[in-house]
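I opened my notebook to follow a few side chains through this structure and to write down what I found beside each one.

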Amino acid sequence: MFSPVPIFSIRRAGSVDQFRSPRDNASIALIDFGDLRAGPAGKFVSSRKASSHSELYGLGDVKSAFELGGFIEYFPVDWFRVRNETRQGFRGHQGVVSDFSADFIVPVTRAITVSAGPRFTWESAKAVSPYFSVDAVQAMATGLPVFDAKGGAHSVGVGAQVKYRINPQWEVHSYVEYDRLLGDAAKSPLVTARGSVNQTTVGIGASYSFDFKIR
């Protein structure tokens with residue numbers, strides 16, 4: 001499926017433009033020591049409509065969710081970053097999601113930057129269950145077996161990105177992210193009978209930078 005994703009970032013004038021990964025969600029660095037940054041983070045998870053995909057027939061809808069929490073990231077060297085986001089869900093799911101990522105950052109030229117690295121996600125049972133469990137009513141409607149999805153290691157993968165800075169204002173990028181589902185997410189009948197443990201996301205984007213003053 002195709003989905004637009006906004007890019008929004010604020011930094012002080014004259015400060016270094018920090019590296020951003022496609023996995024990074026909305027965040028504000030309230031603590032910023034240059035190589036160590038931390039602050040609040042949030043993510044919006046769109047609703048899941050059973051009518052949108054035949055594979056979801058009989059499983060019902062899942063409301064959209066808001067995930068609020070925090071992030072911390074560290075650059076031990078200029079060309080390597082590690083980051084964690086841990087967020088609590090509301091509405092569509094009430095679980096905890098924790099994303100871990102690492103990126104090797106290689107400036108190929110002054111305009112082109114390539115980055116890549118491993119990914120890992122842990123989710124609690126309340127975060128996994130709304131999307132991967134099958135209750136008795138759903139089992140009767142779909143023919144799938146009853147399944148109670150628990151939490152734990154959710155996925156492992158790798159991601160890569162290429163950025164091209166056209167000028168100080170404009171930047172374009174493309175990326176690919178691959179995840180392999182683990183644990184009960186991978187064992188769910190929805191995945192084994194109707195889906196795949198292999199999940200791939202590709203994207204292209206552009207961003208425009210501008211200055212403004214706050215008096």
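These entries cover one histidine and then some salt bridges.

Before anything else, I noted that I am working with a predicted model.

I began with His 93, which I located in the loop between strand S5 (80–91) and strand S6 (96–107). Setting aside neighbours within four places in sequence, I listed contacts of His 93 with residues including Ala 65, Glu 67 and Tyr 131.

Next I turned to the salt bridges, of which the structure holds 18. In one of them the side chains of Arg 23 and Glu 177 meet at 3.1 Å, N to O. This pair links distant parts of the chain, since Arg 23 lies in the segment before strand S1 (26–27) and Glu 177 in strand S9, 154 residues apart. I marked Arg 23 as partly exposed at 22% relative accessibility, whereas Glu 177 is buried at 4%.

A further entry is the salt bridge of Asp 24 with Arg 83, whose closest N and O atoms are 3.4 Å apart. Here Asp 24 belongs to the segment before S1 and Arg 83 to strand S5, 59 residues apart. I recorded Asp 24 as buried with 18% relative accessible area, and Arg 83 as buried with 6%.

My last entry is the salt bridge between Arg 87 and Asp 99, at 3.0 Å from N to O, with both residues buried.

Terms used: Residues are numbered from 1 along each chain as its sequence is written. This is a predicted model: local features need pLDDT of at least 70, side-chain atom pairs count only at pLDDT 80 or more; totals for chains, interfaces and linings use all residues. Side-chain values use heavy atoms; hydrogens and water are left out. Helices (H or I, at least four residues) and strands (E, at least two) are DSSP runs, numbered from the N terminus. Contact means heavy atoms within 4.5 Å. A salt bridge is a side-chain nitrogen of Lys or Arg within 4 Å of a carboxyl oxygen of Asp or Glu. Buried means under 20% relative accessible area, exposed over 50%, partly exposed in between (1.4 Å probe, protein chains only).
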